[in-house]
Amino acid sequence: MNLLKISKLEAQIDGKQILRGVDLTVNTGEIHAIMGPNGSGKSTLASVLAGRDGYEVTGGSVEFEGKNLFDMPPEIRAREGIFLAFQYPVEIPGVSNANFMKSAVNEIRKHRNLEPFDALDFLEEMKQKAQLVEMDKSFMSRSVNEGFSGGEKKRNEIFQMAMLEPRLAILDETDSGLDIDALKIVAAGVNKIHGKDDAVILITHYQRLLDYITPDFVHVLYNGMIVKSGTKELAFELEEKGYDWLKG
Amino acid sequence: MNMNTGFSKFIDSMRDYFENSNGTTQISDFRRNAWNEFERNGIPTRKTEDWKYVNLSFIGDIDFNYAKFISKINDIRKYDKFRTILPSAHNLIFVNGVFLPELSSPAIPQIEYCSLNTDTMLVNFSNNVNLNNRIKSHKNPFSLLSEALTDNYFSIRIEDNVTIETPIHLINILDSSDESIISTTRCNISIGKNSEVSLIETNYKTGNNAGLGINLTNIIADNDSRCTYYKLQSDNNNSYFISETNFLQNRGSMLDSFSFSLDGKLIRNDLNIVLNGSGSESNLYGLYFADGKDLIDNHTSIYHANPDCSSNQTYKGILAGSGTGIFNGKIVVEEDAQRTKAYQSNKNILLSNDATINTKPQLEINADDVRCSHGATSGRLDEESLFYLRSRGISADDAKILLLKAFADDIISKVKYTELQDLISNLVSEKFTSNGNN
Ligand SMILES: Nc1ncnc2c1ncn2[C@@H]1O[C@H](COP(=O)(O)OP(=O)(O)OP(=O)(O)O)[C@@H](O)[C@H]1O
Ligand SMILES: [Mg+2]
């Protein structure tokens, strides 16, 4: 089933054109990897999909399950099932991880016509999902990402993803800064959560991640456009040759 | 005479009250001196440095009457509800400046208190408390009015070497049911050597006419005493509160002061502290929230008069609507006050374009071995944080509330008296909810 349909998407920030006509279709059950040089627009694409302020969409369209994505504010997109694991997760002093997740999970449950979790059910749920990413429960009472190491922040993103059970997860360089054990844990988490009804977009610089999460498609975003798409083998080719050979 | 004509009606009416308040008893010199000084100074204007952001025109516009309390015992039951605000405290109820023992918690032996006639009690407690010239020299003009007009002042004495487990709660109620009123209180508190006590002062108003409450509280904290002082103002019904609290801290004494200014058309709090003995310590926390057209003005002054003392101030403010916040933090380190530590921080969140904050540190450092720092920030809620929360399904309003709560909890969580902490927490949550969508 078609989950996400991006057509000729163009976007600017502060008057600077970043996305120059992106086309991408993602179906349920699929894993897509997006690679590309620094500054090519990968995070911009992710931000536009999640609804971050400051981007001006100047052309094209994005449909999520047939609905116009740009009609929805960020929280509605999240409730509809879009999840962005941030390249740079934000520290929020004074808001505990547990409290944050409780508000988020219950909003999403409400949207899906499910009863909100009571305190006990929520704790149980949190415990299970924390185990999935091997995160110690002491992180739950700490302020969101405050003082977390780089790797811990990334793991916290995957924990949140596990809690929110999205339809479409966009992981923006979640593998960067992870040691090999953490990488395996994060990959295992993603594999466990991913199923036939949802899809994953992995933004990454490293073929290494793709050893643990096997993508169905690999795309190269270059200067704001997808200039090449292929299968897993394309990632090896990029690792070997870099991006220069793709220059128009 | 430096009198603004806009206020002459108010001053005439207060003078009338002052001259005739006392029946046959002679007005004491103390009161007369205060009156004369008040009249000499007049009501501050925008040109008065310490009041430059405060619009006091309401004093000329509203027909204020000095509150006369008529005690009909069947009427006073209507104030019962104020006892339930903090049921576990030792509640002392004042209506329009008059202490009502009938409504207050039954006396307990550890706490000595009484309401004293200012004119007949000539050897007065206030002479002990108020002696310090550092405080006297910049007295709030409204405190002079309080000294001139209050004919009964309230006195609390905590003996040496006692720990008072029950917080003492002074509830100042303005009843403006019949007319617009001004009411004044004076309270003197002495805390004995090595004793420990929590004091809470709250301001409320009942009745729909305007009310101006002026409170002057002087506290002497003797050697090695430990005091926690809370001030809570949260009344959104046409109320104006002006207060001055003076602390004289003797050797080795500890003070934790909390000021929660959550609601009121005008709140002006002067908090003056003299670290009058070596090794004493003051921690001042403040949280203010001005929305609508409210103006909240906190002036703190800390006088480091002796060596080895420390002071620490954390004031946080949230300004919404067309609200205005003012924080003026003065720290004076005198020549002898070596090895002083003095810190001050003021952080503000502005929720709208029309909200304003004026913050000013005032440091006068006259000793050389001093560690001192201050900092002030003001800005919007962090956009990145808001987006992060929203990207997880939390609505924009709720995300705002989460961030504001985090900002405020930093102060609220330091309140050790849990019943009070819950009360403040709830008040603040209500405010956030009602301000979530602007
Ligand atoms: N506010 C801004 N004003 C101007 N240019 C901006 C602004 N924000 C981002 N850009 C530019 O947009 C381009 C795309 O940035 P983006 O973060 O999407 O790249 P990326 O592909 O994710 O790179 P990386 O691999 O380094 O994460 C960059 O050249 C960046 O400098
Ligand atoms: Mg990026």
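Both K129(A) and E125(A) are buried, where buried denotes under 20% relative accessible area, exposed over 50%, and partly exposed the range in between, computed with a 1.4 Å probe on protein chains only. In this predicted model, local features need pLDDT of at least 70 and side-chain atom pairs count only at pLDDT 80 or more, whereas totals for chains, interfaces and linings use all residues. Residues are numbered from 1 along each chain as its sequence is written, chains are lettered from A and ligands numbered from 1 in the order in which they are written, and side-chain values use heavy atoms, with hydrogens and water left out.

K129(A) and E125(A) are joined by a salt bridge whose closest N and O atoms are 2.7 Å apart, a salt bridge being a side-chain nitrogen of Lys or Arg within 4 Å of a carboxyl oxygen of Asp or Glu. Both residues belong to helix α4 (residues 119-132) of chain A, where K129(A) and E125(A) are four residues apart, about one turn of the helix; helices (H or I, at least four residues) and strands (E, at least two) are DSSP runs, numbered from the N terminus. Over all chains, the count comes to 34 salt bridges. In chain B, the side chains of D297(B) and R268(B) meet in a salt bridge of 2.9 Å, N to O. D297(B) lies in strand β15 (residues 295-304) and R268(B) in strand β13 (residues 266-275) of chain B, so this pair ties together parts that are 29 residues apart in sequence. Both D297(B) and R268(B) are buried. In chain A, salt bridges that share partners join R79(A), E107(A) and K110(A) into one network.

A further salt bridge in chain A, at 2.3 Å from N to O, brings together the side chains of E65(A) and R167(A). This pair links distant parts of the chain, 102 residues apart, with E65(A) in the loop between β4 (55-64) and β5 (67-68) and R167(A) in the loop between α5 (150-164) and β9 (168-172) of chain A. E65(A) is partly exposed, at a relative accessible area of 27%, and R167(A) is likewise partly exposed, at 23%.

The magnesium ion (ligand 2) has S43(A), through OG, and Q87(A), through OE1, as its protein donors, which lie 2.0 to 2.2 Å from it. Donors are N, O and S atoms within 2.8 Å of the metal (3.2 Å for Na, K and Ca), and sites may look incomplete because water is not among the atoms. S43(A) is situated in helix α1 (residues 42-50) of chain A and Q87(A) in the loop between β6 (82-85) and β7 (92-96) of chain A, so that the pair links distant parts of the chain, 44 residues apart. S43(A) counts as partly exposed at 25% relative accessibility, whereas Q87(A) counts as buried at 16%. Leaving aside residues up to four places away in sequence, Q87(A) touches S43(A), K154(A), D172(A) and E173(A), contact meaning heavy atoms within 4.5 Å. The side chain of Q87(A) is also joined to that of Y88(A) by a polar contact of 3.3 Å and to that of E173(A) by one of 3.4 Å. A polar contact is a pair of N or O atoms within 3.5 Å; within protein, one must be able to donate a hydrogen and the other to accept it, and residues adjacent in sequence count only if both atoms are side-chain atoms.

The contact between the two chains takes 18 residues from chain B and 33 residues from chain A. Chain B and chain A bury about 1900 Å² between them, 63% of it on carbon and sulfur atoms, buried area being the accessible area (1.4 Å probe) that two parts lose on being put together, summed over both. In chain B, F387(B), Y388(B) and R392(B) lose the most area to chain A, together 41% of what that side buries. Three salt bridges are counted between chain B and chain A, and one salt bridge joins R52(A) to E384(B), with the closest N and O atoms 2.7 Å apart. On the side of chain B that touches chain A, α7 (383-390) and α8 (396-412) each supply at least two residues, and the largest share, seven residues, comes from α7(B).
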